[in-house]
Amino acid sequence: MAKPKQAKQPMPPLGVWIGPVALGWLIPGGGHFLLKRTGRAILLFLSVTLMFFCGLMMRGTMFQPQDGDLLTMVINCGGFIGNLCSGILYLMTVWLGYNQPDMAGLVHDYGTKFLVTAGLLNILAMVDAFEIVAGRKN
Amino acid sequence: MHMNLSDFEASFLFALFTSVVMGIVTKRTDRERVRYGLYVFGCFMVALIGLGWLMHFGHG
């Protein structure tokens with residue numbers, strides 16, 4: 001039997017959700033903290049930040065957007081967006097001059113993946129903060 | 001400071017951090033979050049060990 005189609009939920013006003021989502025981008029878990037979900041905020045902050053620092057200590061590479069063939073562009077632009085989504089962690093790293101060249105090696109490779117994944121996990125946290133503001137979650 | 005981890009240690013840390021976040025953002029109650037986080041972590045570990053053995057036998 002087919003499931004009844006769910007009604008599309010209305011988008012909350014920009015002014016309501018932009019604060020928690022923007023703070024969530026800048027500081028991992030910041031959106032949840034603003035919404036008084038302190039326990040979850042601490043866990044998100046620790047997970048994303050520790051993952052990012054592990055990536056740095058493994059001397060992972062930060063992606064830069066590059067032109068070229070489609071695959072190169074997708075990998076580098078996607079990686080750059082992933083890095084950028086770590087918020088203040090990424091910005092501080094770049095401002096403090098971290099510039100690790102891309103090197104062959106198992107640990108460097110893991111480091112690069114850790115840096116990108118930290119940003120991707122932060123996107124999930126931002127979406128969660130949005131859903132809480134929108135009333136779709138508690 | 002430099003961190004030198006083995007394949008298993010790096011994958012274990014990856015699984016740990018990822019499953020914590022997945023647990024938090026996916027479910028609605030704390031109990032469900034803990035259960036789902038543990039489930040995701042278990043899946044990571046099974047895949048990690050399973051693929052490790054597969055590659056071991058694949059190489060002969």
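A: The crossing between helix 3 of chain A and helix 1 of chain B is left-handed (the near helix is turned anticlockwise from the far one by less than a right angle; clockwise would be right-handed). Helices here are DSSP runs of H or I with at least four residues, strands are E runs with at least two, and both are numbered from the N terminus. This is a predicted model, in which local features need pLDDT of at least 70, side-chain atom pairs count only at pLDDT 80 or more, and totals for chains, interfaces and linings use all residues. Residues are numbered from 1 along each chain as its sequence is written, and chains are lettered from A and ligands numbered from 1 in the order in which they are written.

The axes of helix 3 of chain A and helix 1 of chain B come within 10 Å and cross at roughly 150°. This angle makes the two helices roughly antiparallel (over 145 degrees; under 35 is roughly parallel, 65 to 115 roughly perpendicular, the rest oblique). Axes are lines fitted to C-alpha atoms, for helices over the stretch in contact, with angles from 0 to 180 degrees between N-to-C directions.

From helix 3 of chain A, the residues that meet the other helix are Arg40(A), Leu43(A), Leu44(A), Ser47(A), Leu50(A), Met51(A) and Cys54(A). Helix 1 of chain B brings Leu13(B), Phe17(B), Val20(B), Val21(B) and Ile24(B). By class, this contact has ten nonpolar, one polar and one charged residues. Ala, Val, Leu, Ile, Met, Phe, Trp, Tyr, Cys and Pro count as nonpolar, Asp, Glu, Lys and Arg as charged, and the others, Gly among them, as polar.

Leaving aside residues up to four places away in sequence, Val21(B) touches Leu44(A), Ser47(A), Leu121(A), Leu124(A) and Ala125(A); contact requires C-beta atoms, placed from the backbone, within 7 Å. In total, 16 residues of chain B are in contact with 21 residues of chain A. The side of chain B that touches chain A has eleven nonpolar, three polar and two charged residues.

Val21(B) also belongs to the largest nonpolar core, which has 36 residues; Val21(B), Met51(A) and Ala125(A) have the most contacts inside it. Such a core is a set of buried Ala, Val, Leu, Ile, Met, Phe, Trp, Tyr and Cys residues joined through C-beta atoms within 7 Å. Two or more residues come from each of helix 1 (14-26), helix 3 (38-57), helix 5 (88-95) and helix 6 (106-133) of chain A, and from helix 1 (7-26) of chain B. Helix 6 of chain A gives the largest share, twelve residues.

Arg59(A) has a positive phi of about 60° although it is not a glycine, and it counts as buried with 20 C-beta neighbours inside 10 Å (20 or more other C-beta atoms within 10 Å; 12 or fewer is exposed, in between partly exposed). Gly60(A) lies in that loop as well and is buried, with 26 such neighbours.

Chain A as a whole has six helices and zero strands, and 41% of its 138 residues are buried.

Key:
Contact = placed C-beta atoms within 7 Å.
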